[in-house]
Amino acid sequence: MRRSALTWAAIFAAVPLGIALVAAGPEPGRGGQQQPAGAVFTAQQATAGSSVYAASCASCHMADLAGRNEAPQLAGNNFMNTWRNRSTKDLFEFIQSTMPPTGESLSEAQFLSVTAYILQANGAQPGATPMTPATAAAIGSVAAGATAASAAAAPAAAAGRGAAGGRQGTPAAGQGPGGGRGGAPANAGPLGVTVAGTVKNYTPVTEEMLRNQDPGDWLMARRNYQGWSHSPLTQITPSNAKELQLVWSWGMSEGQGNEPSPLIHNGVLYIVNIQNIVQAIDARTGDLIWENHVGPNALIGQAAMRNMAIYQDKVFVATTDARLVALDARTGAKIWDTMIADRAKGYANTAGPMVMKGVVVNGLVGCDRYGNDGCWISGYDAATGKQLWRFNTVRRGTEQGAETWGKLADNLRIGGETWIAGSYDPDLDITYWGVAQAKPWMRASRGTSNFDNVLYTSSTVALKPKDGTLAWHYQHAPGESLDLDEVFERVLVDIGDQKVVFTIGKPGILWKLDRRNGQFLGYKETIFQNVFESIDPKTGTPTYRGDILEQQTGQWVDSCPSTEGGHNWQSMSYVPSSGTLIIPLSQSCMAMSGRKIEPTNGSGGTGADRRFFEMPGTEGNVGKLAAFDVKTMKELWTRDQRSPYLTGVITTDSGVGFVGDLDRTFRAFDVKTGETLWQTRLSTTVMGYPVTFTAGGRQYVAVTTGATGGGSPRVVPRTIIPEVKMPGTGNALYVFALPERGR
Amino acid sequence: MRHAKWCLLTVFLLTGADSPDAQQAKTYKARLSPVPIDVSMQATVAGSGSVTAVLTGARLAVTGTFDGLKSAATIAQIHKSPVRGVRGPNVLDLTVAKTDASAGTLSGSFDLNALQIADLEKGRLYVQLHSEKAPDGNLWGWLLPQENRR
């Protein structure tokens, strides 16, 4: 039995609070026929469970069971707060019915053993009687809830100490890829250049080339510094798009979310696979030129690596264990390898860098554990990898903005992740980044008040790339409290004399700011939302619904949209000829309930349970693709469908757009109307960031499929449109073009 | 030509299409889909349906169908939500008729007060159906205005 894409993380995060104990176990203290407290499994089961956990669970929940992002802690008080009043049978059945989200399912014995392992990690003692599917003891009666730190000594953590040899170069101590570093799973397999080759006639990428690209190139995330996701190419038109056909495809690594944006330079396609595998491919033929296992090879979490960067003779890739690595664009050989943050503390990357005037700027995720490190955007010398600056997105101590976190202790101020690469205005020399929300998600869980805006979360920050100084900031959702990120792409558009930055977050509100100073210019609600009762038309300051402000832990709060968004990581496209933004949107709602979170270092996480439902008034159409005029912000057209769109949108000067969806369909559409011009169905969900380019004078369109991962944009549909099914494997890159005769 | 116009007007009036009562008839529809769930709840909470509510004057006539439940339907009610998409207390009871263990119909007829009519017009009323395995709610859907149907 195979399960479709959904992380362990999301499943455990969805555990409902307050559900009555389904199968109450023997009451403690009665003696007689009941088992001794804790003796609901054997030591052999727990030992076997540690191996199962290491193989099937640790990539999301971490080897030390401390959790990461939506994968909650499985050992300690946070786990016990959720499960104390439920039974071991509940836990077993929950795991069996929902896990693992990817790959092969487990046997009943394996499910039992991993349940035993989790119980043991929470202090339950083994006994002589094996756990069976019928075993039903109240978890609070058999386990006390060991801390995450003590659980780190569990066998699964030991499994994380994998081999790290064989790779090129040697990072400084503590900077090695993955294996053996605290919470990272084992790192087996080859590292370094695994396929040797050389890109012929490579032309170094200059700053001028990044500003004014060759029409056939795609040199960065969303193609240009302004984040337009738009190409000037014109071979594929509305009239001939129906002739598009597959030219070549390339299988990609499996087992994790796959949503990369390829780079194209002079007919060579660079792409990052999951497991931090970077490849250079002949974009015309699909032949592999070189490959580097940058490491770690281990699967870490379910999130993908969304983009890379290219500058001069280097390709820059962020890794899932929070490193930044420069490779020789010609050969793939590693040039430098720098640690951004300590993976052992849960830090990671899911988005790569942007390069601006020789500075490589990267964000950071995994800032969701209580502790003293914080969260930041940082800049690095492109030549050496030396860190040049760091901008803290979570303000602490005496930093400017620290007072906006109220009385919350510095070590409890977490979140503020930057998981989408920023944009850049070379003329203003300002880079624009979205900062995600504070964590835990709900303010009732994190202990802030309604008066705490928690800077710089849920904000646009405008930074000087040279030194990371703050030019301005604008907070879209002060004190955000429902995991409704405002972290996504910033799109820079000039409207007459106005220099505008557009962005749209999960609430589905399209924000329009003056990118010179952050002044609010306007907004547009693109989908139904009931989170904000009103938005000040002069300042853009939203007023939250009363019951959101009055939230308590353990109480459900309903809201539209859900954590799927509105808008999510699938980027919009700007069509300069018509002044139109084409935005992939989603329509779903949720109920969220915050948990009580133990205020100790290492704790934290997202700390909330979620349930999802269809958005009223949408007829069950979760997907919405819509176009908006940048001047008036009026909706020009919309294309609603049952399945959500799971790729970014790209457009071309010839008036053709491309987008893919959950239900395996990749389509070309007319940017003036949204009408489908051509479509095909691929191996699994079409997920990632399409690109278009030329090689040998011919225009191509490339897009990836991703069988798993994707975050809430996959979790929510699995819950509310379960009839849409796709294979659990099939990660690949597909490249289309017109027939040769059509050129 | 003048004769033709009079004929048309006569037909129009005879059919009642332009009568005061008909003018006030407004139709509201709800798509029934599962209440908030997580994946583990799909085993007990599933199904779909539709509801049509016609408001004539203050009289609201409600009819609907549903199927695909995982257990037999029990009760159905109209609830008032503080804002569309947010749960609220039940205000009116509907009648449920089961056609089989997973499907059935619902109906009801009510005289609404002015406040209830305002709630209906603002999309604040929703229908919620319960079932044996989902006693806290199985399907729900907001009654939203449609074009007037004469």
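Me: Which way do L125(B), V127(B), L129(B) and S131(B) point from β7(B), and are they buried or exposed?
Reply: L125(B), V127(B), L129(B) and S131(B) point one way, Y126(B), Q128(B) and H130(B) point the other way, and all are buried. Buried means 20 or more other C-beta atoms within 10 Å of a residue's own, exposed means 12 or fewer, and partly exposed is in between, with C-beta atoms placed from the backbone. This is a predicted model, where local features need pLDDT of at least 70, side-chain atom pairs count only at pLDDT 80 or more, and totals for chains, interfaces and linings use all residues. Residues are numbered from 1 along each chain as its sequence is written, and chains are lettered from A in the order in which they are written.

Me: What joins β7(B) to β4 of chain B?
Reply: 6 bridges, with the two strands antiparallel. A76(B) has L129(B) as its bridge partner. Strands (E, at least two residues) are DSSP runs numbered from the N terminus, as are helices (H or I, at least four); two strands pair if DSSP finds at least two bridges between them.

Me: And how many bridges to β8 of chain B?
Reply: 4, also antiparallel. There, Y126(B) is partnered by W142(B).

Me: Switching to chain A: what is the order of the open sheet of 3 strands?
Reply: β28-β31-β32, with antiparallel pairing.

Me: Why is one side of β28 and of β32 left without a neighbour in the sheet?
Reply: Both stand at the edges with a single partner strand each, so one side of each has no neighbour there.

Me: How many bridges join β31(A) to β32(A)?
Reply: 7. One of the residues involved, A591(A), has R611(A) as its bridge partner in β32(A).
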